[in-house]
Amino acid sequence: MKTGPMLSRRLNTFDATMIGLGSMIGAGVFAAFVPAAQAAGVSLIIGLAIAAVVAWCNAAASAQLAAVHPVAGGTYAYGRAQLGPWWGYFAGWSFLVGKTASCAAMALVFAAYVAPDGWDKPFAIAAVVGLTIVNLLGVKRTALATKLIVLFVVAVLVAVLIIAISSGSTSSHPVVIGGDTGLYGILQSAGVLFFAFAGYARVATLGEEVINPRRTIPRAIMIALALTAALYLALGIMMLSVLGADGLARSRAPIADVLDAAGWGAASGLVAITAGVASLGALLALMAGIGRTTFAMSRNSDVPRWLGAVHPRYAVPYRAELVLAATVIVVVLVADLRGAIAFSSFGVLLYYFVANISAFTQPAAQRRVPRFVNVLGATGCLVLIVTVPVAGVVAGVFILILGIPVRLLSNRQSHTLSDNGA
């Protein structure tokens with residue numbers, strides 16, 4: 001049962017859909033296809049299909065759960081309600097730590113595209129500070145900023161598609177799936193591309209701020225996922241057609257290389273700006289989701305309760321947002337990004353594994369999809385964990401174990417305060 005402050009319902013279906021799109025159409029679309037091509041060549045299209053299916057299963061589970069539990073916290077709240085406090089806690093803890101690492105990565109990707117040489121970290125920190133201010137001004141400000149970012153990024157990507165097709169450069173390398181790529185390579189590409197999708201259910205973490213959540217959240221999740229999957233498929237085929245599998249695998253900036261091949265090399269600077277802006281969009285939505293999950297966990301004393309304070313004017317969990325910003329800045333300054341991203345992958349897959357298991361336990365009256373969809377989603381998450389680097393898995397297990405005393409101490413502190421009448 002929820003205790004403590006509540007958030008305000010201010011987001012409509014369009015707002016929620018745009019936040020979902022902003023969470024997915026980020027820097028991943030500019031970078032994920034290169035390692036996917038390195039792993040699977042042209043067969044990355046199969047990997048993309050696998051990633052989309054797993055993402056759809058996870059999104060269906062999240063939508064089904066959100067319709068019954070329209071509260072802040074996403075899978076943390078669902079796992080707690082359906083499976084018990086520890087299941088929910090481990091999902092929430094994995095999300096907090098893994099996505100905090102993702103925030104640092106997004107900030108550094110932004111800086112890599114727009115910062116002068118040697119200024120990467122200051123620009124990354126400035127991005128974190130600026131977007132924290134946006135989030136602190138209220139969820140409607142977050143939604144507005146996300147809309148503007150998504151519209152700009154999608155417009156540029158669609159323009160690139162039109163330029164590539166109209167120039168005839170898409171006929172350079174016919175896309176024929178097959179060859180010597182093994183199953184593991186395809187799964188590796190699926191694992192990489194899955195994380196270009198991971199964000200479709202971000203709106204579920206804002207469940208307490210959505211108008212008519214039982215209808216709006218499921219609809220927004222599935223619309224955002226469908227639009228993103230269609231865009232990624234078009235972009236993947238276009239990049240393979242223009243650059244070929246080997247050219248894509250060697251590319252450092254595949255969208256810019258596509259423009260070069262189409263005779264629009266002068267527009268490559270716009271691609272860098274777009275990638276930077278897309279990174280900001282993903283970072284903004286990520287930080288909003290992490291703040292709400294922290295808020296939900298604090299309300300149940302799974303993390304310190306003082307993190308759950310809601311600002312009286314802007315109705316946001318401002319302490320959670322400020323602590324998150326400080327933590328991300330520390331990670332930006334000290335982290336090994338490859339290790340951080342690997343751990344983030346582990347955390348996201350575990351998070352959605354719990355979502356699928358939680359949805360599996362729902363009765364027939366609450367179901368939107370058959371149970372086999374939940375089984376397929378949970379299995380897909382476990383299979384893709386195999387593609388995560390060993391260091392990421394080890395770090396993930398260590399952080400999960402570290403979360404046990406955090407919860408126990410937070411619960412003990414809450415009980416002590418209650419006994420003292422605080």
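Q: Which residues form a nonpolar patch on the surface?
A: The model is predicted. A patch gathers nonpolar side chains that have over 30% relative accessible area and are joined within 5 Å. Here the patch consists of Ile46, Val175, Ile177, Leu233 and Ile237, which together have about 350 Å² of accessible area.

Q: Where is Ile237 found, and is Ile237 buried or partly exposed?
A: Ile237 belongs to helix H10, residues 213-250. Its relative accessible area is 37%, so Ile237 is partly exposed.

Q: How many salt bridges does the count come to?
A: The criterion is a side-chain nitrogen of Lys or Arg within 4 Å of a carboxyl oxygen of Asp or Glu. By this rule there are four salt bridges. One of them joins the side chains of Asp302 and Arg80, at 3.0 Å from N to O. This pair links distant parts of the chain, 222 residues apart: Asp302 is in the loop between helix H12 (268-299) and helix H13 (318-334), and Arg80 is in helix H5 (residues 75-82).

Q: With which residue does Glu321 form a salt bridge?
A: The partner of Glu321 is Arg292, and their closest N and O atoms are 2.8 Å apart. Because Glu321 lies in helix H13 and Arg292 in helix H12, the pair ties together parts 29 residues apart in sequence. Glu321 counts as buried at 0% relative accessibility, and Arg292 is buried with a relative accessible area of 0%.

Q: How many disulfides does the structure hold?
A: A disulfide is a covalent bond between the sulfur atoms of two cysteines. The structure holds zero disulfides. For Cys57, the nearest cysteine sulfur is that of Cys381, 8.8 Å away, while the cut-off for a disulfide is 2.5 Å. Cys57 counts as buried at 1% relative accessibility, and Cys381 counts as buried at 0%.

Terms used:
Residues numbered from 1 in each chain as written. Predicted model: local features only at pLDDT ≥ 70, side-chain atom pairs only at ≥ 80, totals over all residues. Heavy atoms only, no water. Buried < 20%, exposed > 50% of the residue type's maximum accessible area, 1.4 Å probe, protein only. Patch = residues over 30% accessible without salt bridge, like charges linked within 9 Å, V, L, I, M, F, W, Y side chains within 5 Å. Areas by Shrake-Rupley, 256 points an atom, 1.4 Å probe, with all protein chains shown as cover. Helix = DSSP H or I, 4+ residues; strand = E, 2+ residues; numbered from the N terminus.
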